[in-house]
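Morning, everyone. Please have a look at the sequence and the structure on the screen. I will walk you through it step by step.

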Amino acid sequence: MDVILRAGTADDAEACGIICYEAFKKISEQHNFPPDFPTPEPAIGLLSYLLADPSVYSVIAELDGKVIGSNFLWEKAIIAGVGPITIDPAVQNQAVGRRLMEEVLRRTKERGFAGVRLVQAAYHNRSLSLYTKLGFDTREPLSLMNGPSLGLKVPCYSVRPASEKDLAACNSLSFALHGHDRSAELQDAINQGTARVVEHDGRISGYTTAIGFISHALGESNEDLKALIGEATEFFGAGFLLPTRNSDLLRWCLARGLRVVQPMTLMSKGLYNEPRGAFLPSIIY
Ligand SMILES: CC(C)(COP(=O)(O)OP(=O)(O)OC[C@H]1O[C@@H](n2cnc3c(N)ncnc32)[C@H](O)[C@@H]1OP(=O)(O)O)[C@@H](O)C(=O)NCCC(=O)NCCS
């Protein structure tokens, strides 16, 4: 196949969005899981947003002048995030995904990122194999959790909206836990009004950019995360990603009626610090 790679433009949103919807639909139906996008429109919306965001690098695969796939690299933090990568189901398993992955990995080298990470659907043998062959290591089994908001408080842990003046404390928590801060994302979430901090013993002991698919949270202990999850008024997107090895937190969520939607896997290449505390990763950062 004479496949050409090029940068994405706003005009690619519809073609890429339809492929994104169809590629995820096909693989999830094969495994009897709910589709990532219920209709093409949210996929087109997401890709329009990514194609317009200067902090996201995009690459499009074309065959005979027709778009057949796309991939994205989120470049806001020192650890870059990959995805979504999707290939037209008619041409999957013919090395187009490999080329789109190799291109974003080339970019991470060129831009000097310390590491790169992604989250894959754990049931998808092909993506797991491809990423592993390209040098990604499996870091953390995840459970995507969803359900009605819990509307509960954890005694001695108080949750409030985060503001600019909390940035330094949150960033140093992130640094202590992950070895780097995620200041840009947190700043965005503060601007959007979704960020929350939790206070315990007179100090900020955890924060979240929101409880949801494209958000992250961290805390000194599970109690911080329980407080943040408990007081979240909604779980954004498909739900939130919970490290499955954190049995205490998983049991706590299950006992309160939340359901496991699907298993996923956090993978990374390059710098990865084993987190030293409780965390909920985002699908992308
Ligand atoms: C995942 C996806 C992007 C991969 O792209 P693709 O073009 O189909 O895959 P490629 O042909 O480039 O690569 C597949 C590789 O996995 C290997 N592979 C596939 N199934 C395998 C299996 N069960 N066991 C071992 N290896 C396997 C292939 O041999 C190939 O290896 P190679 O590059 O060394 O030859 C594409 O299939 C897709 O869009 N899937 C649906 C959406 C999705 O899941 N996106 C990823 C979200 S994390």
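Let me start with a question: is Asn32 buried or exposed? Keep in mind that this is a predicted model. Asn32 has a relative accessible area of 72%. The cut-off for exposed is over 50%, so Asn32 is exposed. Where does Asn32 sit? In the loop between α1 and α2. Its backbone deserves a look too. Asn32 is not a glycine, and yet its phi is positive, at about 65°.

Now a second residue with a positive phi. Cys156 is also not a glycine, and its phi is near 75°. Find Cys156 in the loop between β7 and β8, where β8 covers residues 158–161. Cys156 has 65% relative accessibility, so it counts as exposed.

One more backbone point. Which two residues does a cis peptide bond join? They are Gly83 and Pro84, and omega is about -5°. Pro84 belongs to the loop between β4, residues 79–82, and β5, residues 86–87.

Next, aromatic rings. The count comes to four aromatic pairs. I will take one of them, Phe24 with Phe37. The ring centres are 6.2 Å apart, and the planes meet at 55°. How covered are they? Phe24 has 22% relative accessibility, so it counts as partly exposed. Phe37 has a relative accessible area of 14%, so it is buried. The line between those two classes is 20%.

On to the strands. Begin with β6. How many residues of β6 are buried? Seven of the seven, so β6 is largely enclosed by the rest of the structure. Look at the directions of the residues. Gly115, Arg117, Val119 and Ala121 point one way from β6. Val116, Leu118 and Gln120 point the other way. Residues on both sides are buried.

β6 has strand partners. β4 pairs with β6 in the parallel sense, over three bridges. Take Gly81: its bridge partner in β6 is Arg117. Strand β13, residues 259–270, pairs with β6 as well. That pairing is antiparallel, over seven bridges. There, Val116 stands opposite Lys269 of β13.

Now turn to β12, residues 240–243. Both faces of β12 are covered. Phe240 and Leu242 are buried on one side, and Leu241 and Pro243 are buried on the other. Which strand do four bridges join to β12? Strand β7, residues 137–146, and the two run antiparallel.

Met145 is found in strand β7. Its bridge partner in β12 is Phe240. Met145 has 0% relative accessibility, so it counts as buried. Now compare chain and space. Met145 and Phe213 are 68 residues apart along the chain. Their C-alpha atoms are separated by 9.5 Å.

Last stop: the ligand. How many residues surround the ligand? The number is 22. The closest are Asn93, Ala95, Gly97, Arg98 and Arg126.

In Arg98, a side-chain N or O atom is 2.5 Å from a ligand oxygen. In Asn93, a backbone N or O atom lies 2.6 Å from a ligand oxygen. In Gln92, a side-chain N or O atom is 3.4 Å from a ligand oxygen. And how covered is the ligand? Taken alone, the ligand exposes 960 Å², and the protein buries 76% of that.

Which elements give two or more residues to the shell around the ligand? They are α1, β5, α3 (96–111), β6 (115–121) and α4 (125–133). Helix α4 gives the most, with seven residues. By class, the shell has nine nonpolar, ten polar and three charged residues.

How values were computed: Residues are numbered from 1 along each chain as its sequence is written. This is a predicted model: local features need pLDDT of at least 70, side-chain atom pairs count only at pLDDT 80 or more; totals for chains, interfaces and linings use all residues. Side-chain values use heavy atoms; hydrogens and water are left out. Rings of Phe, Tyr and Trp (its six-membered ring) pair if their centres lie within 6.5 Å; planes under 30 degrees apart count as stacked, over 60 as edge-to-face and the rest as tilted. Buried means under 20% relative accessible area, exposed over 50%, partly exposed in between (1.4 Å probe, protein chains only). Two strands pair if DSSP finds at least two bridges between them. A residue is near a molecule or strand if one of its heavy atoms lies within 4 Å of it. A polar contact is a pair of N or O atoms within 3.5 Å; within protein, one must be able to donate a hydrogen and the other to accept it, and residues adjacent in sequence count only if both atoms are side-chain atoms. Accessible areas come from the Shrake-Rupley method with a 1.4 Å probe; for residues, only the protein chains shown count as cover. Ala, Val, Leu, Ile, Met, Phe, Trp, Tyr, Cys and Pro count as nonpolar, Asp, Glu, Lys and Arg as charged, and the others, Gly among them, as polar.
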